[in-house]
Amino acid sequence: MRDPDGLIARAGVRGDPDRDQHFLVDDRVLDRLPTYLEEIDADTSHLLEIGGGTGALTDRLLAVGDEVTVVERDRELARFLREEFADEIDAGDLTVIEGDALEVDLPEFTASVSNLPYGVSSEIAFRLFPEKRPLVLMFQQEFAERMVAEPGTSEYGRLSVSSQHYADVELVESIPKEAFSPPPAVRSAVVRAVPRDPDYEVDDEEFFLRFVKALFTQRRKTIRNAIRNTSHITGLEAPDAVVDAADEDLLRKRADAMAPSEFAALAHLAREVGEPGDD
């Protein structure tokens, strides 16, 4: 495996916290990341990496995947990856896409292992989740804990419901700041997401996710008041009709006590009687 510090030296770069650049340099962590796919016997025939940096993780993914595509938005780093991995590119094992992962066309991939840029990690994660592929993604520790949180805990929120709607999510490893160059201000964590169909029905996913978002903006209010106070977000023209039709025990709850299945049932009711607008 290529030495992470050697890659940084050959690239002639330094990580820049202001640009969300923190290069993972701990060999032990780098070696472990692909194993989180192996543990679930994931298909590694085409691996996607978001944020290739200087290629330390790319190198590990090439060892376990038949084909790897890496997306890198920094022009100089993308150029370095094409030079450093010229043999792998010529062999058809690696493709380097220069561009923003939120804007470029992503290839068909079987799984993703990525050290995400933290400033846009949420947006990237929710671009990947609907693809229904196994994901091993690195986030800030606090963000990761919110993704996997259970109802009734202080960390549970919109992020928890939305993430768990798409996949079984598990925090598999916490990463110390010293594993990066330069060290970020906070600890990091690795989340493994295994796609699955939820155990509830959602007839309009866009409305469901918007409904969840709306109710969590009023997380200290009861569901009764949250429904009434958020029609500007949900687009419901008759929120009182939803309140009148909903179960009284449910209306007394707050959003952080609601299981995803309860949100789904309430969103279905809201669409039936609440007269949602076209938005």
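Buried means under 20% relative accessible area, exposed means over 50%, and partly exposed lies in between (1.4 Å probe, protein chains only). Keep that scale in mind at each stop.

This is a predicted model, where local features need pLDDT of at least 70, side-chain atom pairs count only at pLDDT 80 or more, and totals for chains, interfaces and linings use all residues. Residues are numbered from 1 along each chain as its sequence is written, and side-chain values use heavy atoms, with hydrogens and water left out.

**The whole chain**

Show the protein chain as a cartoon. The C-alpha trace spans about 65 × 35 × 35 Å along its principal axes. The protein chain holds 15 helices and nine strands. Both are DSSP runs numbered from the N terminus: helices are H or I with at least four residues, strands are E with at least two. Of the 279 residues, 50% count as buried.

**Two domains**

Colour 4-195 as domain 1 and 205-274 as domain 2. These bounds come from an automatic or database domain assignment. The domain centres, taken over C-alpha atoms, are 34 Å apart. Ten residues from domain 1 and 14 residues from domain 2 make the contact, meaning heavy atoms within 4.5 Å.

About 980 Å² is buried between domain 1 and domain 2, and carbon and sulfur atoms give 63% of that area. Buried area is the accessible area (1.4 Å probe) that two parts lose on being put together, summed over both. Select Tyr156, Arg158 and Val161. They supply 50% of the area that domain 1 buries against domain 2, more than any other three residues.

How many salt bridges cross the interface of domain 1 and domain 2? The rule finds zero. A salt bridge is a side-chain nitrogen of Lys or Arg within 4 Å of a carboxyl oxygen of Asp or Glu. Five residue pairs are in polar contact across the interface, both residues at pLDDT 80 or more. A polar contact is a pair of N or O atoms within 3.5 Å; within protein, one must be able to donate a hydrogen and the other to accept it, and residues adjacent in sequence count only if both atoms are side-chain atoms.

The whole structure has 24 salt bridges. Select Arg2 and Glu84. Their closest N and O atoms are 2.8 Å apart in a salt bridge. Arg2 sits in the segment before helix 1 (4-11), Glu84 in helix 5 (residues 75-84), and 82 residues separate them. Both Arg2 and Glu84 are buried.

Glu84 lies in helix 5 and Arg10 in helix 1, so the pair ties together parts 74 residues apart in sequence. Arg10 is partly exposed, at 48% relative accessible area.

**Helix 4**

Go to helix 4 (residues 56-64), where seven of nine residues are buried. Arg60 is among them. The side chains of Arg60 and Asp31 meet in a salt bridge (3.0 Å, N to O). Asp31 belongs to helix 2 (residues 27-32), 29 residues away from Arg60.

**Last stop: Ser121**

Select Ser121 in helix 7 (residues 121-128). Ser121 is buried, with a relative accessible area of 5%. Its side chain reaches the backbone oxygen of Tyr118 at 3.1 Å. Beyond neighbours within four places in sequence, Ser121 contacts Leu116, Phe139 and Phe143.
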